[in-house]
Amino acid sequence: RASEIDGFRIHTPMDSPELGGVASFSLAGIPVDHVEKRLREEFKVQTRKRVPEGLKAIRVSPQLYSSKSELDELVL
């Protein structure tokens with residue numbers, strides 16, 4: 001679902017054998033500070049801003065007990 005959002009870009013290699021539940025993404029033209037703050041304050045979603053070596057992204061780390069419907073809420 002997230003890939004359908006205009007400007008959405010995932011930075012996590014999706015074909016890696018070590019892929020877990022952690023993913024990093026960005027939205028073109030929207031500062032990561034703004035995305036992180038809005039997710040936290042408006043939707044109560046805890047994420048972490050990542051800026052390693054110039055990459056500006058938001059890291060999402062779902063918990064083992066996160067339901068599919070909760071993950072869907074993140075992208076709606």
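This is a predicted model: local features need pLDDT of at least 70, side-chain atom pairs count only at pLDDT 80 or more; totals for chains, interfaces and linings use all residues.
H2 gives the most, with 4 residues. By class, the lining has 8 nonpolar, 4 polar and 3 charged residues.

Now turn to the largest pocket. Its volume is about 790 Å³. It is lined by 31 residues, and Ala2, Phe8, Phe25, Leu74 and Val75 are the closest to its centre. Strands E1 and E2, helix H1 (32-43) and helix H2 (68-75) each supply at least two residues of the lining. Here too, H2 gives the most: 6 residues of the lining of the largest pocket. That lining divides into 20 nonpolar, 5 polar and 6 charged residues.

The strands come next. Four of them form an open sheet in the order E1-E2-E4-E3, with antiparallel pairing. Strand E1 (8-10) and strand E3 (48-50) are the edge strands, and each pairs on one side only. From one strand to the next, the twist averages 35°.

Look inside the sheet at one pair. Strand E2 (residues 23-27) and strand E4 (residues 57-60) pair in the antiparallel sense over 3 bridges. Phe25 has Ile58 in E4 as its bridge partner.

Note on methods
Residues are numbered from 1 along each chain as its sequence is written. Side-chain values use heavy atoms; hydrogens and water are left out. Two strands pair if DSSP finds at least two bridges between them. Axes are lines fitted to C-alpha atoms, for helices over the stretch in contact, and angles run from 0 to 180 degrees between N-to-C directions. On a 1 Å grid over the protein atoms alone, a cavity is a set of points where a 1.4 Å probe fits but cannot get out, and a pocket is an open set with protein on both sides within 12 Å along at least five of seven lines; lining residues have an atom within 4 Å of a point. Grid points are joined across faces, edges and corners, and a volume is the space filled by probe spheres set on the points. Ala, Val, Leu, Ile, Met, Phe, Trp, Tyr, Cys and Pro count as nonpolar, Asp, Glu, Lys and Arg as charged, and the others, Gly among them, as polar.
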